[in-house]
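Please read them with the structure open beside you.

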Amino acid sequence: MFTIEHLDALEILDSRGRPTVQAVCRLRGHPPVTASVPSGASTGAAEAHELRDQDPGRYRGLGCRRAVENIRSVIQPAVVGRAFSEQAALDERLIELDGTPDKSRLGANAVLAVSIAFARAAARADGIPLYAHFARMAGIEVRTLPRLTINLFSGGKHAGAQAAIQDVLLVPVAAPTIDDGLAMTFAVYQTAAELIARRYGMRLLRADEGGLAPDFPGSEAMLADAVEAMRLAGLQPGREIALAVDVASSHFFRGGCYHLGTTPLDSGAMVAELEGWARRYPIVSLEDGLAEDDWSHWPRLTERLGSRLLVLGDDFLCTNPDRLRRAIAARAATALLLKVNQIGTLTEALAACQLGRQAGWQVTISARSGETEDDWLADLAVGWAGDQIKIGSITQSERLAKYNRLLAIERETGLPVVDWPKAGP
Ligand code: PGA
Ligand code: ZN
């Protein structure tokens, strides 16, 4: 039993300088711990509700004082002095206190901060690392570390929409360790920075997650430049290092068409375009290739591409067990992008993760574009046996906190990185 003796919260700032929520939790007989929650910019419509103050005079309405106050005046009196046997018991209480389907009363940011702070406090109380605690929660014996997927180029909502697609990521498929994967990525990142400085004649500009963000002439140029940078760095595209793409296509889907380039594409033409990319470039994972509500075409995308790459749903699934069930039944994807703040508690996110696994799907555990220096995501990705982890680029401390934590876990456990590619469903 874990008895919560103290619970508090603080409004802090994330990597975009926007407010977010940090919770402080102390269990009886143990020191206090904190947990901070991230925040998205390229959000899915079905995400749990992030509570913002809406006061235009303060942080343009983005303040989190109400969410903080909800922790202090609603959650705190309901949980302090109470004993919880496990995470699910606390999360059930939080869900009940909120009472809405999308956490809009207390705010998913408030609820998740408490959910994660409790997990960290419980791990501390049991004297085990946080990843081991997450593994125990999931009933998993951890045997591997997740494969890295690291932002190289950015467009879309993370880079002022200078190009339509959002992220082109590097996947160091041949790297046997996290350590080697980071070094391989560094080589390509630096080469790419030099390449785009020459090609686009511009100084180094980085997007929200640290990706390079020049004025690409089009989305496909992002892929071609990435492959060129791999070669210039002396690495074999597809064999040693591959690409993952977050198309984030909901954000350029208007009036039934995808506004990817100059000619609007209907859903069938968009699938054909993505198939072309998959033929021409070493893409191993394709995220949100279609828009979040383009349900009727996702199965076709999966049928066409599911055998050669991961068809990954982010905005499409929103870590939401209901959406996931529907997508599994329709064979609409082959992999889940898991972001715990899309749903609001660890327990619900774990349910989504397990649903995906039962269907034979892979799981990519992901950060948000607005992050903090908290590193719990690395422990979560290891503990829940994520096949991939998506943190952002290898710049900026809010990203590096997680990469550095992965390095520490690798050193501590000596576990190998999961093989890639793994057979799909
Ligand atoms: P975010 O998006 O800005 O909502 O965090 C990241 C992503 O689309 O993967
Ligand atoms: Zn995404």
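**Domains and the ligand site**

1. The C-alpha centres of domain 1 and domain 2 lie 27 Å apart, and the contact between these domains takes 32 residues from domain 1 and 30 residues from domain 2. Please keep in mind throughout that this is a predicted model.

2. As for the bounds, the protein is divided into domain 1, covering residues 2-127, and domain 2, covering residues 147-413. Both domains give residues to the shell around ligand 1, and therefore the ligand lies between them.

3. Which residues come nearest to ligand 1? Of the 14 residues around the ligand, these are His158, Gln166, Arg368, Ser369 and Lys390. When the shell is sorted by class, it has 7 charged and 6 polar residues, together with 1 nonpolar residue.

4. Several polar contacts to oxygen atoms of ligand 1 can be checked individually. In the side chain of serine 369, an N or O atom is 2.5 Å from an oxygen atom of the ligand, while for aspartate 246 a polar side-chain atom lies 3.0 Å from a ligand oxygen. Serine 42 takes part through its backbone, with an N or O atom 2.9 Å from an oxygen atom of ligand 1.

5. How much of ligand 1 does the protein bury? Taken alone, the ligand exposes 280 Å², and the protein buries 99% of that. As to its location, ligand 1 sits in the largest cavity.

Methods
Residues numbered from 1 in each chain as written. Chains lettered and ligands numbered in written order. Predicted model: local features only at pLDDT ≥ 70, side-chain atom pairs only at ≥ 80, totals over all residues. Heavy atoms only, no water. Near = heavy atom within 4 Å. Polar contact = N/O pair within 3.5 Å; in protein donor to acceptor, adjacent residues only side chain to side chain. Areas by Shrake-Rupley, 256 points an atom, 1.4 Å probe, with all protein chains shown as cover. 1 Å grid on protein atoms, 1.4 Å probe; cavity = no way out; pocket = protein on both sides within 12 Å on 5 of 7 lines; lining within 4 Å. Sits in = over half its atoms within 2 Å of the grid points. Nonpolar A, V, L, I, M, F, W, Y, C, P; charged D, E, K, R; others polar. Domains from an automatic or database assignment. Contact = heavy atoms within 4.5 Å.
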